[in-house]
Amino acid sequence: MATRLKEVDVVIIGLGWTGGILAKELTDAGMKVVAIERGETRSTEKDYSVPNVRDELRYVQRHDLMMNTARDTLTVRNNRSEEALPMRRLGSFLPGEVVGGSGVHWSGHTWRWTDMEFKVRSLYEERYGKTFIPADMTIQDWGISYDELEPYYDKFERTAAISGKAGNIRGEILAGGNPFESPRSREYPLPPLTPILASQMFTDAARNAGYHPFPRPSANASRAYTNPDGSKFGACQYCGYCQRFGCEANAKGSPHMTVIPIAMRSPDFELRTHSWVTRVNKDSTGKKVTGVTYTNVLNGEEFEQPAAVVLMCAYAINNVHLMLLSGIGKPYDPVSQTGVVGKNYCYQTGAAATLFFEGRHFNPFMNAGGSNASIDDFNINWAFDRAPHGFVGGYVVGGGFNTVLPIGYRPVPAGTPQWGKAWKAATAKWYQTAMQISASGSVMANRNNYLDLDPTYKNAFGLPLMRMTFDYKENEHKMGRHAADFINQTAKSMNPTTMNPATARTDPWTVVPYQSTHNTGGTIMGTNPRTSALNKYLQSWDCHNLFVVGANAFPHNSAYNPTGPVGALAYWTADAIKRYVKKPGPLV
Amino acid sequence: MSDQPMKDHDVGRRDFLRKAVAGGVAATTTALAPPALAQQPAAAAPAQEAPTAAYEFLNLDEQAFVEALVNHMIPADGLTPKGTDLGINVYIDRALGGAWGKGDRLYMQGPWKIGQPGQGYQLPLTPAQLYRAGIEATNAYCVRTYKKTFDKIDATQREDVLIGLSTGKIDLGALPTRTFWTTVYQTVMEGMFADPIYGGNRGKAGWKLIGFPGALAVNRENVEKYRDKPFPTDPLGIADMS
Amino acid sequence: MGRSIVITLVCAIALVTAAAAGQDNEAAARGEKRFEECASCHSVAAGEHGVGPSLHGIIGRRAASIEDFRYSPAMRKSDITWTPETLNTFIADPQMLVPANRMAYAGLIDPAERADLIAYLQQATK
């Protein structure tokens, strides 16, 4: 029997970027907030400092900051005719599991998603006609606009110390930035990072071919910085251990060194670590939630924490899992295409080439998370005509490095033996001479890609695992081929000694190897309760005192990394909740 | 849930070894604790002076198999010493005997199905159990084919066996060959390139092979200073800064 | 007459001293801004350790001498006493003076900026 605790104003499930932002904003607004986090507290001082953080085996190979699949995982399959089987260890994506969540181990790439995503169906139908969008592609408008979100993007960029170069301030196109971006109210808080050789070479090649390269905006402070909340950042040291590591220099914008310690200073905030929420409870009407039930994983003790408002702030797909386990909202059925929870699960696609230049020294161990030059010409550039290529969406191309460490990164030309003297000689010869050009591509929602509860497999709490049914569709295959062609053409223009060309991902999606921790959808935002789980304020249509914050709210996935809109929507939702508590009820 | 005590156990064990060295029983540690030795700076433990490996997990047949394997895959030449001199066998033994080998973070509930390749690892075996079964099956194949176990066959035959494993052409019966091979290959690479505190990459020879500087990485000025220039490095490991 | 000369001289010296102090204060004020480079890891408050140790009382202190901070072996063996001069050398290129120390900082190259920073540290860490 769960011990019932005293009611609080707000309970937050999961303390990463979204939970941290909401904890800070809502305690600032005078609310009593309890955050419940399954992981443990880790800090820069104790955990991410040199030398122990410099451990590729521990952090990359063994996933030390990530979700423990022995305790909870999902089952996966490509389509409904297959039997889903458990993802027995992490591979394709890596949700975080400590205080700070995936915001500790991210690289920092921070983009502003635009109306190209938020109005995806209207824009494509208007330009290309209704038949251009395949019948099984369930993309829909988000119910929010770029202009509404702009101040919140700005706020998140300042909190997280984004280094970058604006390409469009209030409509004025600026040299050196991304000319395709939507207008921003002001410049990035920090100038771009110092470019590495690989990003310079890609920049030159892209510019020579008539494209528009710019430094990738990222939460790696290009110099020391104090954010508007007073959080202090050191300067990025280009250590080369960014993605999958905590930052030893406090130079990577992360919740554990910004919003969370500020919330922790408030007497109205309490953090409970090692605590696993198993259910969000509903009242007898089913129209409101009453709080959460959680287990202290140190001793198995169960608690009920009542709250006036519940915020799901776990990793995107873990929020969806908790919605399904709690029976909130109608589960999505791909056959009848009814229901909303689990709908429009999306992922990302990509392609990459490795280029070898004898005699050059790329020093691949010197880079920041954002040491990439990028082009957006095939993504939010609406002038790029999709009609001849027949796909919806786009891809970003980048040249550079991000955390390439020797267990995982030892590039050799294709056909090199995998062991022995010849392998060693090739490894020694090419390590310094290689660079990569890679594309990250959007994935459009499809009626057959979805999340639901698995009928067979259970987690450590005896609860059903979530089942992921996903595969890339023809739309993504076409885009992948376009991206691979572009990459290879650009690579050839750079005259490498040799190269391993890019190929499109056209085989079925596989849970190994690592691809991208950008899982989206499942409880999507929208304008209609029949087709979305949340309204534009990420408020549940079913239970108005429940907000589900994260990339779970994205109706489809773009080519961009998701944290920009995830952070902006957290601030946006915080404002909505401040209004909500004055007059509880549906905000739309 | 069950992984946590094992992990603690693993850390506790390393602490014990470190204390054992510090506490003056060093005379016996050459045989007992290669990982602890490898924690010392490179100058104190040159790569050539490899201590005799003492094993915590692998049995005698498996020791012979792994030593032959790593010395075939990483032969001595002008670039690096051979696999056992790099401690890759020690790394593998410790990895299999430790938390990872025992299934740390591995979802181990049935039912067990073969599934599609894209569904990833589906065997009801921990990495240690997989390794053990894989060595046994590979040795059985070698005996069938060459009348000798893997450690006794010649270099050409070993090469054929590894090619057969890596391409999946050798049938290991119930065990999916590629799954075994992927694990073997992963552990050999980890043993060569992981930080020396884990027992492999002795003398940081793996890092020296490619010019990787290791744990020290304050490159804010170096990005420009060494852009397209060779970066002089004498790599440092975690132990060198601990 | 003689007395007024003395008074004038004393006043002049006081003015010069005040001017020098004023320059120090200006340098220290610039240095305080420069300290932003350090502030995410170091505090000047006594006993307040972050990723790096508290800098309170650093001038005249032996390196690695605060008991409740875990220093790198490199720093423990460095045999340095922190003075404006040793700090200047250290901050210019920390790995050069104390190889394999753990500070995640590549150094402050500009000598004038270092002078400002050290002027600030001299005042703020007392």
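Trainee: How far apart do the C-alpha centres of domain 1 and domain 2 of chain A lie?

Mentor: In this predicted model, the C-alpha centres of domain 1 of chain A and domain 2 of chain A lie 29 Å apart. Domain 1 is made of residues 1-73 + 89-115 + 254-348 + 445-454 + 509-588, and domain 2 of residues 161-248 + 349-441 + 478-507.

Trainee: How many residues does the contact take from domain 1 of chain A and from domain 2 of chain A?

Mentor: The contact takes 31 residues from domain 1 of chain A and 35 residues from domain 2 of chain A. On the domain 1 side, the elements that give two or more residues are α2 and α3 (102-105) of chain A. The largest share of that side, five residues, is from α2(A). By class, the side of domain 1 that touches domain 2 holds 13 nonpolar, 13 polar and five charged residues.

Trainee: Which residues touch the most other members of the largest nonpolar core?

Mentor: They are Ile12(A), Ile13(A), Ala23(A), Leu311(A) and Ile487(A), in a core of 247 residues. Helix α12 (residues 563-582) of chain A provides the largest share of this core, nine residues. Domain 1 and domain 2 of chain A both give residues to this core, so the core lies between them.

Trainee: With which residues is Ala23(A) in contact, leaving aside its neighbours within four places in sequence?

Mentor: Ala23(A) is in contact with Ile12(A), Leu15(A), Val33(A), Ala35(A), Val259(A), Ile260(A), Ala263(A) and Phe269(A).

Trainee: Why is strand β19 of chain A described as largely enclosed by the rest of the structure?

Mentor: As for strand β19 (residues 434-441) of chain A, eight of its eight residues are buried, so the strand is largely enclosed by the rest of the structure. Both faces of β19(A) are covered. Ala434(A), Gln436(A), Ser438(A) and Ser440(A) are buried on one side, and Met435(A), Ile437(A), Ala439(A) and Gly441(A) are buried on the other.

Trainee: In which sense, parallel or antiparallel, do strand β16 of chain A and β19(A) pair?

Mentor: Strands of a sheet pair through backbone hydrogen bonds, either parallel or antiparallel. Strand β16 (residues 349-356) of chain A pairs with β19(A) in the antiparallel sense, over eight bridges. Within β19(A), Gln436(A) is the residue opposite Thr354(A). Strand β18 (residues 395-400) of chain A also runs antiparallel to β19(A), and six bridges join the two. Here Val397(A) stands opposite Ala439(A) in β19(A).

Trainee: In what order do the four strands of the open sheet in chain A stand?

Mentor: The order is β5-β4-β21-β20 (chain A), and the pairing is mixed. Strands β5 (85-86) and β20 (450-458) of chain A stand at the edges with a single partner strand each, so one side of each is left without a neighbour in the sheet. Strand β4 (residues 74-77) and strand β21 (residues 464-469) of chain A run parallel and are joined by four bridges. One pair to locate is Leu74(A) with its bridge partner Met466(A) in β21(A).

Trainee: How many residues does the contact between chains A and B take from each?

Mentor: The size of an interface is often given as the accessible area lost when the parts come together. Here one can count residues instead: the contact takes 63 residues from chain A and 56 residues from chain B. On the chain A side, α2 (56-61), β4, β5, α10 (420-430) and β20 are the elements that give two or more residues. Helix α10(A) gives the most, with six residues. The side of chain A that touches chain B has 29 nonpolar, 19 polar and 15 charged residues.

Trainee: How many residues of chain B are in contact with chain C?

Mentor: Eight residues of chain B are in contact with nine residues of chain C. The chain B side of this contact divides into four nonpolar, one polar and three charged residues.

Trainee: How many helices and strands does chain C have?

Mentor: Chain C has six helices and zero strands. Of its 126 residues, 31% are buried. Among contacts in chain C between residues at least 6 apart in sequence, 48% join residues at least 24 apart.

Trainee: What confidence values does the predictor give?

Mentor: The complex has an ipTM of 0.96 and a pTM of 0.92. Chain C averages a pLDDT of 89, and 83% of its residues score at least 70.

Technical notes:
Residues are numbered from 1 along each chain as its sequence is written. Chains are lettered from A and ligands numbered from 1 in the order in which they are written. This is a predicted model: local features need pLDDT of at least 70, side-chain atom pairs count only at pLDDT 80 or more; totals for chains, interfaces and linings use all residues. A nonpolar core is a set of buried Ala, Val, Leu, Ile, Met, Phe, Trp, Tyr and Cys residues joined through C-beta atoms within 7 Å. A residue is buried if 20 or more other C-beta atoms lie within 10 Å of its own, exposed if 12 or fewer, and partly exposed in between; C-beta atoms are placed from the backbone. Domain bounds come from an automatic or database domain assignment. Two residues are in contact if their C-beta atoms, placed from the backbone, lie within 7 Å. Ala, Val, Leu, Ile, Met, Phe, Trp, Tyr, Cys and Pro count as nonpolar, Asp, Glu, Lys and Arg as charged, and the others, Gly among them, as polar. Two strands pair if DSSP finds at least two bridges between them. pLDDT is the predictor's confidence in each residue, from 0 to 100.
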